[in-house]
Amino acid sequence: MGGWDQRYLGFGAFPEALSPLEIEHFFTASAGEAAAISGRRTSVNRLAFALQLGFLKMTGRSLNSVEIVPPAVLEHLGRQIGVPPPRVASIRAFYRRRRTLFDHQESARQALGCGPLNDHAERGLTAYLRREAAAAYDVTELMTRARTWLVGRHYVLPRERDIRRQAVAARRHQEQRLFSAIEAAAPLSARQDWFAKLAEAREPDQITHLEWLSSTPATRSARALEEQLKKVEFLRGLGADRVSLADLPAAGLAFYGQRIMTRKVGALGLIKEPRRTIELACFLRLTLQRLMDSSLVLLDHQIAAQWREARERAADGQTGRLKRFRGLIGDLSTLAGDESLDADGLRARLATLLEPFQPELQISQVAAIRQELAQRQSELDRLLRAAKTAKLKTPAGHKLAEALAVLDQVGGTAAGVLPAGAANPFGPSWRSLLDQPDRKAAMNCYRAATVMLMKRAIRNRLVTAPDSLSHQAPGDRLIPKAIWDRDRGRLIRNLSLPPTAEKYLQRLEVGLEAGLGALAAAVEAGEITIEGDAVRVPRRKPAPTDPRVESARRGMIAAMGIHELSSVMIEVDRLTRFSWKLLGRPARSEKELVTLYGGLLGLGSDMSVAELARKIPSVDADSLGQMVLRLETDGRLRVANEAVLGFMRRHPVANLWGRGLNASADMMSLEATRYLWSARLDPRRRTFAIGTYAHVLDQWGILYDQPIVLNRRQVGAAIEGSLRQKQVDHLEKVAVDTHGHSHFGMTLGKVVGFDLTPRLARLKTRKLHLPTRFAGVVPAVLKPLIAPAPISRRVIGRGWEELLRLGASVKDGWYPATDALDRYGAAARGDAVYEAGAALGKLLLTLYLCDYLGNREFRYEILDLLNQGEAVHSLQRAIHNGSIPAKRGRTTQQLEAISGSLTLLANIVMTWNTHHIQRTADRDPSAFSNDVLAHIAPIGHGHINLRGVMTFDLGHNRSALLGLPITAAAQG
């Protein structure tokens with residue numbers, strides 16, 4: 001079993017809605033199962049036994065629930081067995097004798113080869129969960145993996161509490177191992193000092209060191225860089241650089257470390273051991289890495305600022321040069337009119353006039369900027385000291401290593417001049433400045449050249465920082481070699497891939513041959529055409545308008561009525577308790593709850609805190625500002641989103657919109673001030689903006705969101721969001737546009753378990769790639785589309801092992817997909833892993849294009865998924881249609897809070913719409929058939945006032961939202 005057919009494992013009763021595909025998959029008997037069914041005496045017994053078989057295949061458990069069996073399941077079984085099914089039935093209707101029930105359950109287990117969990121299997125499950133706990137930190141996730149392991153080995157699932165007990169024990173075992181590693185890295189005295197130092201107040205601002213470490217720089221100034229480096233030195237003084245925790249993935253470090261950020265200082269002493277030591281160690285290490293990342297970003301900005309200022313000074317100098325050249329032209333004009341001069345006198349006068357301009361003939365505009373940069377020695381020295389504090393590591397033989405060695409050697413001399421013949425690792429463009437007679441000025445230019453080379457090396461990840469998260473060496477971000485060698489078989493099985501490239505290519509060749517045949521059939525049928533070496537796909541014709549859908553949509557809106565956003569938030573909160581998730585508890589008062597709603601609007605909409613304070617009369621601006629800060633630091637927005645989306649998906653109408661197995665991923669830009677670190681110029685809107693990258697499920701909810709920098713490849717974000725979302729056990733397809741696709745990204749997506757399905761630009765010029773020694777038949781009609789150079793099997797085989805290691809590292813959270821795709825971009829050409837991934841990605845793209853071009857229904861499905869995402873963006877744009885001010889979005893955490901709040905507000909609106917669509921359809925099923933409801937989307941917002949005065953009247957919802965007893969609510 002794998003993927004979507006595991007979604008109901010562990011269920012004790014039928015889910016609320018089963019799709020026809022799922023009913024057919026689980027409740028269709030094989031030949032052996034049909035023989036066992038036919039052996040039952042009566043038609044009722046045959047139907048009941050078939051029901052037990054299907055339910056055991058679907059859930060891994062025997063059917064004991066007394067709830068009503070879905071009629072669609074009974075109809076399918078009746079057709080299969082040849083008996084008329086009852087319209088309404090429960091397990092009680094089938095079994096009058098308990099003994100018959102037990103006999104059917106045991107016979108079903110025997111027919112499927114399933115047995116109870118014995119001692120040997122329990123020991124195997126314990127060992128498996130202990131290994132999986134190294135990369136799974138949530139008990140619920142471990143329980144899901146335990147069910148998969150048990151069913152895959154043909155064991156009947158035990159009770160949920162027994163599975164939970166095993167998962168909790170595995171987590172505790174892993175935490176004890178982690179605690180032992182921390183003990184080995186930090187002595188007891190150092191660990192005891194952590195809490196005292198973090199709780200200690202700083203002078204002169206009297207805030208604790210914990211609050212100081214959590215504060216963010218307000219600007220990108222030199223003082224901000226200096227402050228960040230002070231924090232780095234403070235953490236190194238606590239030993240955070242020695243707590244490496246090499247066996248803990250980055251996702252695990254964030255899981256434990258972020259818990260400290262959500263606690264008050266006084267609460268740290270209440271945490272029990274070993275959890276307190278683990279959380280403190282992970283917090284110190286994580287904070288050190290994030291501070292080092294932000295320091296390197298600030299260093300990059302500071303170098304860019306120095307270059308910009310030097311360019312401005314050089315431009316100012318151009319004004320003086322222009323005046324001198326104008327004077328020269330005037331002198332030349334006067335000289336041209338002087339007839340008293342002979343030829344020798346004219347030449348002498350010309351030489352005198354041109355002599356002051358000779359040096360300027362040797363200086364280009366770039367050289368002038370470099371000269372200006374070299375004159376700012378104090379700033380250059382400060383930047384070089386910051387790089388030394390960061391402890392940057394440069395690969396042996398790199399130009400920057402050579403330049404830094406020269407500076408270290410010359411820096412120790414009293415003269416401070418560049419020795420003649422000093423190595424020039426910067427290229428010929430700096431030669432004239434380094435070879436000038438003034439050796440002190442040459443030394444200044446050498447420092448400037450080193451700083452610019454350092455900027456380029458940091459930006460291209462050519463230098464590493466041991467205490468950084470994003471600037472580690474690529475090998476340090478993968479699963480450690482010792483763990484990979486020990487668990488290689490298990491990790492590869494989790495990827496569902498063969499251990500060798502040749503076996504995978506043989507499987508792929510079968511799909512390629514079938515795909516080419518289907519594509520050739522589509523060409524011969526005239527569904528697509530080939531003109532020369534280009535393929536032409538006909539435009540999609542608009543679907544005919546169904547008057548029933550428009551009438552039903554108008555009826556829905558009329559039944560819903562006009563509502564304020566505030567009342568929508570209150571109702572969805574009553575149904576989902578998202579406010580409890582955001583606060584970690586019920587709100588203590590009505591004012592706190594309203595302030596939470598206001599803070600959520602302050603982050604997720606374009607309304608400022610001051611504007612919200614005017615629109616929400618019951619709260620003040622200071623309280624709203626504090627709540628915004630809390631939402632930014634607590635990191636609970638994703639949990640709240642999962643609660644809201646989970647409730648939305650429980651409505652039967654959601655299963656009419658999609659199967660919940662596919663999604664689209666795309667970016668939406670949010671206008672921002674140019675002074676935000678991550679702001680870039682949006683080429684479409686021509687304004688500075690940041691991006692929010694959203695994964696939209698085919699059932700309309702937003703699965704996952706993350707902030708993203710504009711004008712960068714989005715394939716890493718597409719893969720990362722698909723892996724980290726927790727709403728769907730296994731996504732099958734993720735539709736993206738051209739920006740979300742690359743050949744290497746397509747391979748990585750396949751390796752970690754799903755298909756990237758892009759809508760590609762320049763589709764007609766795309767080529768089909770085939771591997772060397774392709775054994776299949778290439779239809780003659782497709783030969784103009786075949787790329788001339790075949791894909792080398794040897795290239796794929798050479799990088800296969802490390803490609804699997806990379807995939808396992810990304811899937812288990814060691815290496816974020818966003819960073820991995822930055823590392824293995826086009827600049828990684830020549831790397832064995834990149835070459836293997838890019839080559840395999842071309843084959844996977846060929847297989848996909850055969851389906852996309854040759855199967856019209858499949859092509860329309862991908863386009864519909866992307867259109868769904870665009871439609872959800874229109875709702876998000878209605879909620880947030882302004883600019884992000886400079887006071888927000890300074891850090892990654894703040895950007896995540898803005899993106900997460902916008903996602904939560906959009907999901908709240910869609911959930912409210914879904915709930916009322918379902919209620920309206922339930923009241924009058926005859927007026928809203930399923931085929932009509934399937935075309936009514938929950939993204940409408942014209943009937944919801946998203947602006948205006950916000951009146952949060954809890955009314956009869958007060959007791960439910962505040963967690964009060966009924967009597968207390970009545971008294972209040």
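**Salt bridges in a predicted model**

Trainee: Asp 864: buried or exposed, or in between?
Mentor: Asp 864 is partly exposed, with a relative accessible area of 35%. Buried means under 20% relative accessible area, exposed over 50%, and partly exposed in between (1.4 Å probe, protein chains only). This is a predicted model, where local features need pLDDT of at least 70, side-chain atom pairs count only at pLDDT 80 or more, and totals for chains, interfaces and linings use all residues. Residues are numbered from 1 along each chain as its sequence is written, and side-chain values use heavy atoms, with hydrogens and water left out.

Trainee: Which side chain does Asp 864 meet in a salt bridge?
Mentor: That of Arg 540, at 2.8 Å from N to O. Arg 540 sits in the loop between strand E2 (534-536) and helix H25 (547-560), and Asp 864 is in helix H38 (residues 856-879), 324 residues apart. Helices (H or I, at least four residues) and strands (E, at least two) are DSSP runs, numbered from the N terminus.

Trainee: What counts as a salt bridge?
Mentor: A side-chain nitrogen of Lys or Arg within 4 Å of a carboxyl oxygen of Asp or Glu.

Trainee: How many salt bridges does the structure hold?
Mentor: It holds 52.

Trainee: What does Arg 61 pair with?
Mentor: Glu 160, with the closest N and O atoms 2.8 Å apart. This pair also links distant parts of the chain, 99 residues apart. Arg 61 is buried at 12% relative accessible area, while Glu 160 is partly exposed at 29%.

Trainee: And Arg 823, what is its partner?
Mentor: Asp 831, with the closest N and O atoms 3.8 Å apart.
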